[in-house]
Amino acid sequence: MTNGSDEYISREFPALGTINGIYIYGSGRAETLDEAQQRVTFLESRLSVFREGSDIWRLNRAAGKKPVEVSGETLALLKAAKEYGRLSSGAFAATIRPLTALWNVTRPGAEVPDAEAIDDTKELVRDDDLMLDEASSTAFLKRPGQSVDLGGIAKGYIADEVKKIIDKNGVRSAIIDLGGNIVAVGTRPDGGPWQIGIQTPADVRGSYIGSVCVSDETVVTSGVNERFFMKDGVCYHHIIDPRSGYPASSGLLSVTIVGRSSMDADALTTAVFVLGIEKGAELLKSQHADAVFATNEHKIFVTEGMKDRFVIKAEKQNVNGGI
Ligand code: AMP
Ligand code: MG
């Protein structure tokens, strides 16, 4: 990204299973960075599936037994996740955790699970079994073995929360980067739009297929990133199609959404990655969202609204616009 100014303060820190960066341009205060970082780690302690005692950890442990009390914020995020499950006809699933745990693609020596285990586990993924009760602020998974994983939506939600803190502190120019989930706050210090690179799928960080100019917008990508293993020439990655129980193979390598809400963009990119380009484009249209798609045939497609905004990097690639 280009910033147009040398004066900035920044904070880089590990959280959410990734490295996060917050960059404030102009005359920022370290207290703003402290507050932002604290918000990220606090939300991680509530939402992480791995963190002992988190709302999601307790919910999963109590599956099939009893409802658990969760924060109003967690409840709202669970509700939003369920809603994206509905909008995407089940391509996005809040209750995906039994499958992501079975595949566990990032563990050393990861293998393809037995077909039978995949079939059995798939049956546990059912968002209708996630009961939310606002009056008592409780959540409940009906069946033992069921579990929730908010990995497809939480980073976006948290990025929106960090933006609120940055805005509240009067910052006019900042970049929030939660492991590639970007929110560009305001404009560059020189008043121009931010230029955000869209990462080349399955490539090293810092390699881009192109870029888009944004101000007060989010840029979120889902796809084959560093979380995958290879077996017999097949790439088994971290986004699972709840309908097949296998890593999604919709012909896409990545989907990038540019929009206002990072939470919405986060959930939508995951859903569209599972749905593929045609059904995904329909869903995006219904949500008035714009995207850049990279296919496994190394083609790039953009939605109508991105045609004039996306700038391709490599000349050898073709942009197939206007879907
Ligand atoms: P993202 O990078 O936002 O697409 O999120 C991918 C993460 O979301 C994975 O690492 C899982 O934690 C979770 N996930 C995988 N498949 C799904 C799915 N079909 N629906 C919802 N979340 C998913
Ligand atoms: Mg996502």
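Predicted model: local features only at pLDDT ≥ 70, side-chain atom pairs only at ≥ 80, totals over all residues.

Tutor: Happy to! One term first: a residue is called buried when its relative accessible area is under 20%, exposed when that value is over 50%, and partly exposed in between.

Now to the ligands. Around ligand 1 there are 16 residues, and the closest are Asp149, Ser222, Ile240, Asp266 and Thr270. Sorted by class, this shell holds 7 nonpolar, 6 polar and 3 charged residues. Some polar contacts can be followed atom by atom. Ser222 brings a polar side-chain atom to 2.5 Å from an oxygen atom of ligand 1. Backbone atoms take part as well: a backbone N or O atom of Ile240 is 2.7 Å from a nitrogen atom of the ligand, and a polar backbone atom of Ala91 lies 3.0 Å from a nitrogen atom of ligand 1. On its own, ligand 1 has 500 Å² of accessible area, and the protein covers 92% of that.

Two of the names from that shell, Asp266 and Thr270, come back when we turn to ligand 2, a magnesium ion. Its protein donors are the O atom of Gly152, the O and OD atoms of Asp266, and OG1 of Thr270, at 1.9 to 2.4 Å from the ion. Along the sequence, these donor residues follow the spacing G-x113-D-x3-T. Gly152 and Thr270 are 118 residues apart, so this pair links distant parts of the chain. Gly152 sits in the loop between β5 (138-141) and α6 (154-168), whereas Thr270 belongs to helix α7 (residues 262-275).

Ser137 lies in the loop between β4 (130-133) and β5, and its phi is near 50°, a positive value in a residue other than glycine. That is worth a second look because most residues other than glycine have a negative phi. Ser137 has a relative accessible area of 19%, so Ser137 is buried too.

Technical notes: Residues numbered from 1 in each chain as written. Chains lettered and ligands numbered in written order. Heavy atoms only, no water. Near = heavy atom within 4 Å. Polar contact = N/O pair within 3.5 Å; in protein donor to acceptor, adjacent residues only side chain to side chain. Areas by Shrake-Rupley, 256 points an atom, 1.4 Å probe, with all protein chains shown as cover. Nonpolar A, V, L, I, M, F, W, Y, C, P; charged D, E, K, R; others polar. Donors = N, O, S within 2.8 Å, 3.2 Å for Na, K, Ca; no water. Helix = DSSP H or I, 4+ residues; strand = E, 2+ residues; numbered from the N terminus. Buried < 20%, exposed > 50% of the residue type's maximum accessible area, 1.4 Å probe, protein only.
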